[in-house]
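Trainee: Could you take me slowly through one part of this model and then show me how the rest of the chain is arranged around it?

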Amino acid sequence: MSEFGPNYSSRPVLRIDMAALKYNYNSLAKRVGPKTHVAAAVKADAYGLGAERISKALYGAGCRNFFVATSGEGKDVRAAIGDNASIYVLNGAAPRDLTLFFGSNLKPVINSMTQAHMWMDAIKNVKSPPFSALHIDTGINRLGFPSEEFQKFIKNKSLQEKIQFDLIMSHLACAPDQENPYNKQQLDAFKRAAAALTMKPMSLANSAGIYLGKQYHFQMVRPGIALYGGYATDNPAQEDVKPVVSLMAPVLQIRRLKKGDSLGYNATFTAENDMTVAIVGAGYADGIPVSASSGAGGGVNQATMQNKRVSVIGRVSMDLTALDVTPLKKTPRLGDWAEFFGSNLQDDAASAQTLNYELLIRLSHRARREYR
Ligand SMILES: *Cc1c(COP(=O)(O)O)cnc(C)c1O
């Protein structure tokens, strides 16, 4: 029999620290200085944290430029923040989405000649259509005007005028690695390309790009992960961000394993000694990756209990994860919380062989969400 407290709940809780979010926004704003706007990447439901709540809070912190991937996301953000901010749609506009662009006043990021012509046609008869952003590819070779296509665009003055862009942007491929010469190459390519246009506000840096220094900031930076407390670069010591997200899993049952007992699906774990195990109520359906299972490779996968790191053992299952609590001073009570991610997001991502981005994106939609 185990004890439990009065607040025992068998549901996981996703804690989202709004004060930390604002701290991170202000920290980045301070770093880039007053001449550079800090926009926010709130695509993919604000990296899984909830686009409405997050956008609203960032708006409250002074953010007036938002980036989403799709017009559907843009519509939701617009509903949350009102009319007094720009929302750029990174994937661009396509015929089926135009109603959303006009209805929610979304600015398409124009990535190619095709998109430029399409947008020009779309806004021909629209009274005060949204502005757009021009995306010049400088080496990531993903979205954006490839250089030959951009040369054609430069020559087409009437097209340039008609699509009414108010931002020139590009995106860095290797920014987390500050020593990588590719960063400077992209910077130079970006400046060269922009010089061929009438000057407009420019934007190059995502979170990691901000740490490359002043010359990468231009008039706008576009952080995502740093706002959400994730480290963006290979040198986290330089980053002043606070953790935003903790997944709290309640202890549902305490088990005593004897030496030789196995645990979990496929019996992948066998106890080498007698041990105490806490079965906690969150699994891969809540965002704890299966690759965080013990023996899955990488490092040791852990959660925090009683201010100590405790190891995941066996295979993470859909709703449950087992933790070795043998080293803890006190045997946990039912309903005690095991914290996943939090200030250990980076290590957790590394030991689960994934990115901190992916850990956030996969966060639970069934956990009770506590924004505080
Ligand atoms: C997602 C994205 C960002 C934000 O990236 P982070 O690494 O999360 O800061 C910025 N710009 C573009 C074009 C993006 O796709």
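Trainee: Which residues does L172 touch, not counting residues up to four places away in sequence?

Mentor: Before the answer, please keep in mind that this is a predicted model, in which local features need pLDDT of at least 70 and side-chain atom pairs count only at pLDDT 80 or more, while totals for chains, interfaces and linings use all residues. Residues are numbered from 1 along each chain as its sequence is written, and side-chain values use heavy atoms, with hydrogens and water left out.

Leaving out residues up to four places away in sequence, L172 touches I140, N183, Q186, L204, A205, G209, L212 and Y216, where contact means heavy atoms within 4.5 Å. L172 itself sits in the loop that runs between strand 8 (165-169) and helix 9 (181-195); here helices are DSSP runs of H or I with at least four residues, strands are runs of E with at least two, and both are numbered from the N terminus. Because its relative accessibility is 3%, L172 counts as buried, a word that stands for under 20% relative accessible area, with exposed meaning over 50% and partly exposed lying in between (1.4 Å probe, protein chains only). Between L172 and K157 there are 27 Å in space, C-alpha to C-alpha, for a separation of 15 residues in sequence.

From the residue we can turn to the whole chain, whose secondary structure comes to 12 helices and 19 strands. Its C-alpha atoms fill a box of roughly 75 × 40 × 40 Å, taken along the principal axes, and of its 372 residues 53% are buried. If you consider contacts between residues at least 6 apart in sequence, 67% of them join residues at least 24 apart. The chain exposes about 17200 Å², and carbon and sulfur atoms supply 50% of that area; such accessible areas come from the Shrake-Rupley method with a 1.4 Å probe, and for residues only the protein chains shown count as cover.

A polar side-chain atom of K43 lies 2.6 Å from an oxygen atom of the ligand, a polar backbone atom of I225 is 2.8 Å from a ligand oxygen atom, and an N or O atom in the side chain of H171 is 3.5 Å from a ligand nitrogen atom. On its own the ligand has 390 Å² of accessible area, of which the protein covers 92%.

K43 also leads us to helix 2 (residues 43-47), which holds D45. D45 is not a glycine, yet its phi is positive, about 55 degrees, and at 31% relative accessibility D45 counts as partly exposed. A267 also has a positive phi, near 45 degrees, without being a glycine, but A267 lies in the loop between strand 12 (262-263) and strand 13 (269-270). These values deserve a look because most residues other than glycine have a negative phi.

Two serines show how buried side chains can pair. S364, in the loop between helix 12 (356-361) and strand 19 (368-371), counts as buried because its relative accessibility is 0%, and its side chain makes a polar contact of 2.9 Å with the side chain of D286. A polar contact is a pair of N or O atoms within 3.5 Å; within protein, one must be able to donate a hydrogen and the other to accept it, and residues adjacent in sequence count only if both atoms are side-chain atoms. S351, a residue of helix 11 (residues 345-351), is buried at 7% relative accessibility, and its side chain joins that of N301 in a polar contact of 2.8 Å.

Finally, consider helix 6 (residues 113-123), which packs with helix 7 (residues 147-155) at an angle of about 35 degrees, the axes being 10 Å apart. M113, T114 and A116 of helix 6 and E149, K152 and F153 of helix 7 make this contact. The buried residues of helix 6 are M113, Q115, A116, W119, M120, A122 and I123, and these buried residues pack against helix 5 (98-103), strand 6 (107-110), strand 7 (132-135), helix 7 and helix 8 (157-163). As for the axes, they are lines fitted to C-alpha atoms, for helices over the stretch in contact, and angles run from 0 to 180 degrees between N-to-C directions.
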